[in-house]
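Work through the exercises below with the sequence and structure at hand. Each task is followed by a solution in steps.

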Amino acid sequence: MKKIVIPLFLLLVAFAIAFYAVNYAKEPPAAGEISVHFIDVGQGDAILIDAGTTEILIDGGDKSSGIADYLDSYVDGNLEIVIATHAHADHIGGLVSVLERFQVEQIWYDGYQHNSKTFIDFIAACEAEGAEIHIARRGDVISIAELSLLVLNPDSTSSDLNNNSVVLAFRYGTVDFMFTGDAEQKSEASMLSSFLVPDIEILKVGHHASRTASSAEFLSVLTPEVAIYMCETGNSYGHPHRETLDALAAIGAQVYGTDTCGTIVITTNGKTYQIKTEKPYGSMTVTTAS
Ligand SMILES: [Zn+2]
């Protein structure tokens, strides 16, 4: 009889993956902690802030993102706030199913009336929701319970959809995040001139790490310790662009992408933070000084 020999290391790797898959699953943040999920939706953005019983969703990927199923595991009761950064389908397409599935209290968007079917469907879903609908403008504060986000962009909108992106600064304790949507260098320059741009720890890199965003000047003010870009492996845009990865490396940021890491979850108690990645097989922990 022929013996099938499986090398020990392969067994160990398989075990590690199986263990990790279990370990990765569905833990609500502990009391006093929040988790920020950079959800792998392929080519698109979807970010969940989970503070236990309060949740905020920023974008929902495209129509086929499966975002509502992902949220099922984390949303307790209402999904308090949904923020749509701008009218492109890779950000708002998935929000229609979210609005159908969950009771949402506040919806924020850039206010630009785009003529695409995706946008028209999104607005129809917003109107059917019965939620408060707000247009986000620079200086606005979006808040619920202990969470508040400062709107840094837009100041005004135009047919340049990416630069309409709602850009948000979010502070939890001493840990600062920035969520940029698809804002490009034009918005970055406008934000810099507003003097509202903070020094941060964690950056959601603008526009899927396209070279059209992340100017050296903008990054030099933000100086993030961790930079997360969101895109799909082998996407037709060539994201992430090499120049952007180089610019992030030049400021000393640790860079993670949903293309290689899958979903990325950062948990923080307001002083330190921990980063977990879905792939390849492990999680890692980073501690920062307060
Ligand atoms: Zn996009």
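The pLDDT is the predictor's confidence in each residue, on a scale from 0 to 100. It applies here because this is a predicted model.

**Exercise 1.** Find the stretch where the pLDDT is below 50, and say how it should be read.

Solution. The values below 50 fall over residues 15-24, a stretch with six contacts in the model beyond near neighbours in sequence. Where pLDDT is low, predicted coordinates should not be read in detail.

**Exercise 2.** Which members of the largest nonpolar core touch the most other members? For Val-98, list the residues touched, leaving out those up to four places away in sequence.

Solution. The core has 78 residues, and those touching the most other members are Leu-71, Val-82, Ile-83, Val-98, Leu-168 and Ile-228. With that sequence limit applied, Val-98 touches Leu-57, Gly-60, Ile-67, Ala-68, Leu-71, Leu-79 and Val-82.

**Exercise 3.** Give the strand order of the open seven-stranded sheet and identify the strands at its edges.

Solution. The order is S7-S8-S9-S10-S11-S12-S13, and the pairing is mixed. S7 (141-144) and S13 (254-257) each have a single partner strand, so one side of each lacks a neighbour in the sheet and both stand at the edges. On average, neighbouring strands are turned by 20 degrees against each other, direction ignored.

How values were computed
Residues numbered from 1 in each chain as written. Predicted model: local features only at pLDDT ≥ 70, side-chain atom pairs only at ≥ 80, totals over all residues. Contact = placed C-beta atoms within 7 Å. Core = buried A, V, L, I, M, F, W, Y, C linked by C-beta atoms within 7 Å. Buried ≥ 20, exposed ≤ 12 C-beta atoms within 10 Å, placed from the backbone. Pairing = 2+ DSSP bridges. Helix = DSSP H or I, 4+ residues; strand = E, 2+ residues; numbered from the N terminus. Axes fitted to C-alpha atoms, helices over the stretch in contact; angles between N-to-C directions.
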